[in-house]
Amino acid sequence: MATRKKAPDKKASDTKAGARKGAGRSSAGKKNAGKSGAGAARVVPAAGKRGGRRKSAAATAVVAAGAPRRAEVLRETSETRIAVALAIDQPGYSIATGVPFLDHMLEALARHSGIGLDVQARGDTHVDDHHTVEDVGLAIGEALRRALGDKAGIARFGHFETPLDEALVAVTVDLSGRPYLVYNLSLKPQRIGSFDIGLVEDFMQALMTAGGINLHINVRYGRNPHHIIEAAFKALAKALSMACARDARTVGIPSTKGSLDG
Ligand SMILES: [Mn+2]
């Protein structure tokens, strides 16, 4: 059964800049690099200059053609501390969230999208995985949005259907700047290991909200929840890869409105 959601308000505590200098920036794109650099990320403007922190989303920098598309986000609250370094064009990953099944899914996301992803998280998982899963989604979405800059020259849309044994899942994305989630992944409440599968929806909602992504997830069929969820992350990876790709037939910002800031 379909659930349709408008984007909720972002949490009050947004990204913070000015943490320790260091590893996060260089560790995206190097597989298994930077584990010791956990939490060393800071916000970097989309064009990769270190000239200081952004004041607002409206100040999104123009990413010159060929410029590195990467960003770092440090998100700290009383519940979690999430450091993300994301590099759209530098494949590789280093993931340690403290939630093993989420690590497995994020490794699939990075591996199959080719988007470099370094995620180092510490959260109150002794309470529940919920805060960590949601905040990791917010931080990755924010990093992706910043790395994309004004989105000039990209494909913008992506769609992929991925099988995993008996399961088939379709994911469609539009990097429109207008967050919206359609989540047709109905599984009865249950756990995979210790992981509550209901948290997948919270992750996707956080990702699309912070990333400004119109995200549709449709399970065609499947039986095993691990297979269904993993197929969803792989389809998301491929759809995002398509949408982020620089497209020779796209001139300027791919919008008749002239902006994809939402
Ligand atoms: Mn698996």
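**Legends to the close-up views**

**View A. His227 is partly exposed, with 17 other C-beta atoms within 10 Å.** A residue counts as buried when 20 or more other C-beta atoms lie within 10 Å of its own, as exposed when there are 12 or fewer, and as partly exposed in between, with C-beta atoms placed from the backbone. The model shown is predicted; local features need pLDDT of at least 70 and side-chain atom pairs count only at pLDDT 80 or more, while totals for chains, interfaces and linings use all residues. Residues are numbered from 1 along each chain as its sequence is written. His227 belongs to helix α5. Helices (H or I, at least four residues) and strands (E, at least two) are DSSP runs, numbered from the N terminus. Leaving aside residues up to four places away in sequence, His227 touches Leu164, Asp165, Glu166, Ala167 and Gly222. Contact here means that the C-beta atoms of two residues, placed from the backbone, lie within 7 Å. Pro163 is 64 residues from His227 in sequence, and their C-alpha atoms are 8.5 Å apart.

**View B. Arg156 and Asp165 are shown for their backbone angles: phi is positive at Arg156, about 75°, and at Asp165, about 50°.** Most residues other than glycine have a negative phi. Arg156 sits in the loop between α3 and β6 (157-164) and is buried, with 21 other C-beta atoms within 10 Å. Asp165 lies in the loop between β6 and β7 (167-174). Asp165 is partly exposed, having 13 C-beta neighbours inside 10 Å. Asp165 is also among the residues that His227 touches.

**View C. Strand β5 (residues 116-123) is largely enclosed by the rest of the structure, because seven of its eight residues are buried.** β5 runs antiparallel to strand β3 (residues 80-87), to which eight bridges join it. Strands are taken as paired if DSSP finds at least two bridges between them. Ala85 has Asp118 of β5 as its bridge partner, and Ala87 has Gly116. Strand β4 (residues 93-96) runs parallel to β5, with four bridges between them; there, Ala96 stands opposite Gln120. From β4 the chain passes through helix α2 (residues 100-113) to β5, a β-α-β crossover that is left-handed. Such a crossover would be right-handed if, with the strands pointing away from the viewer, the path from the first strand over the helix to the second ran clockwise.

**View D. β2, β3, β5 and β4 form, in that order, an open sheet of four strands with mixed pairing.** The edges are β2 (70-76) and β4; each has a single partner strand, so one side of each is left without a neighbour in the sheet. From one strand to the next, the twist averages 5°. Helix α2 packs on this sheet and touches β4 and β5, its direction making about 165° with that of β4. Helix α3 (residues 130-148) also packs on the sheet, touching β2, β3 and β5, and its direction makes about 30° with that of β3. Axes are lines fitted to C-alpha atoms, for helices over the stretch in contact, and angles run from 0 to 180 degrees between N-to-C directions.

**View E. Helix α2 crosses helix α5 (residues 225-244) at roughly 35°, with their axes coming within 8 Å.** From α2, the residues in the contact are Met105, Ala108, Leu109, His112 and Ser113. They meet a set of α5 residues that includes Ile229, Phe233, Leu236, Ala237 and Leu240, as well as Glu230, Lys234 and Lys238. By class, the contact has eight nonpolar, three polar and three charged residues. Ala, Val, Leu, Ile, Met, Phe, Trp, Tyr, Cys and Pro count as nonpolar, Asp, Glu, Lys and Arg as charged, and the others, Gly among them, as polar.

**View F. Strand β8 (residues 180-184) has one covered and one uncovered face.** Leu181 and Tyr183 make up the covered face, and Tyr180, Val182 and Asn184 the uncovered one. β8 pairs with strand β11 (residues 214-221) in the parallel sense over five bridges. In β11, Asn214 is the bridge partner of Tyr180.

**View G. The whole protein chain, for context, contains five helices and eleven strands.** Of its 262 residues, 48% count as buried. Among contacts between residues at least 6 apart in sequence, 77% join residues at least 24 apart.
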